[in-house]
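Visitor: I have not looked at this one before. Can you take me through it?
Guide: Here it is; then we can start with a term.

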Amino acid sequence: MAGKDQQAAFRPNKRVQLERPEADKSFGGAGLGKWVSVTNGKIWAEVRDTLPSRGENLAEGLTIAKRPARIRIRYRPGLTARMRFIVDGRVLQIVAGPAEIGRRYLIEFMAEESTPAGNPA
């Protein structure tokens with residue numbers, strides 16, 4: 001019965017890209033890494049923006065706006081908090097997780113998009 005409840009709880013609503021950092025191994029490549037896809041194409045995920053609660057903070061004199069989201073995907077081994085999601089053009093850095101839900105059924109992450117607040121012009 002628990003398996004059916006867990007399956008009902010997963011409602012994928014977005015196609016997302018999952019990426020991991022890859023270091024540049026050349027002699028002068030320190031800090032010049034790139035992001036590479038973890039999956040072959042996009043995967044289905046349940047993405048839910050969390051309600052704003054003091055969505056801005058001050059970091060070294062700059063106001064930073066954060067848009068947090070909860071992201072659930074089907075279980076896959078080897079995922080870490082160093083990865084990121086691309087959701088509808090938004091880059092969401094993982095800030096918590098992965099948390100396993102059920103017996104290797106789902107994985108949940110908290111991720112957030114950070115942008116400087118104010119007038120972008």
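Guide: A salt bridge is a side-chain nitrogen of Lys or Arg within 4 Å of a carboxyl oxygen of Asp or Glu. The side chains of Arg20 and Glu22 form one, at 3.7 Å from N to O.

Visitor: What kind of model is this, and how are residues numbered?
Guide: This is a predicted model, where local features need pLDDT of at least 70, side-chain atom pairs count only at pLDDT 80 or more, and totals for chains, interfaces and linings use all residues. Residues are numbered from 1 along each chain as its sequence is written, and side-chain values use heavy atoms, with hydrogens and water left out.

Visitor: How many salt bridges does the structure hold?
Guide: There are 8 salt bridges. One of them joins Arg84 and Glu19 at 2.7 Å, N to O. Arg84 lies in strand β6 and Glu19 in strand β1, so this pair ties together parts that are 65 residues apart in sequence. Strands here are DSSP runs (E, at least two residues), numbered from the N terminus.

Visitor: Is Arg84 buried or exposed?
Guide: Arg84 counts as buried, at 15% relative accessibility. Buried means under 20% relative accessible area, exposed over 50%, and partly exposed in between, with a 1.4 Å probe and protein chains only. Glu19 is buried too, at 13%, whereas Arg20 is partly exposed at 34%.

Visitor: Where does β1 pair?
Guide: β1 runs antiparallel to β6, with 4 bridges, and Arg84 is the bridge partner of Glu19 there. β1 is also antiparallel to β3, through 3 bridges, with Arg15 opposite Trp44. Two strands count as paired if DSSP finds at least two bridges between them.

Visitor: Switching topic: which residues touch the most others in the largest nonpolar core?
Guide: Ile71, Ile73 and Phe85, out of 17 residues in that core. Such a core is a set of buried Ala, Val, Leu, Ile, Met, Phe, Trp, Tyr and Cys residues joined through side-chain atoms within 4.5 Å.

Visitor: What is Ile71 in contact with?
Guide: Leaving aside neighbours within four places in sequence, its contacts (heavy atoms within 4.5 Å) include Glu46, Phe85, Leu92 and Glu108.

Visitor: What about Glu46?
Guide: Glu46 is found in strand β3 and is buried, with a relative accessible area of 5%.

Visitor: And Glu108?
Guide: Glu108 is buried at 16%. The side chains of Glu108 and Arg72 meet in a salt bridge of 2.5 Å, N to O. That pair links strand β8 to strand β5, 36 residues apart.
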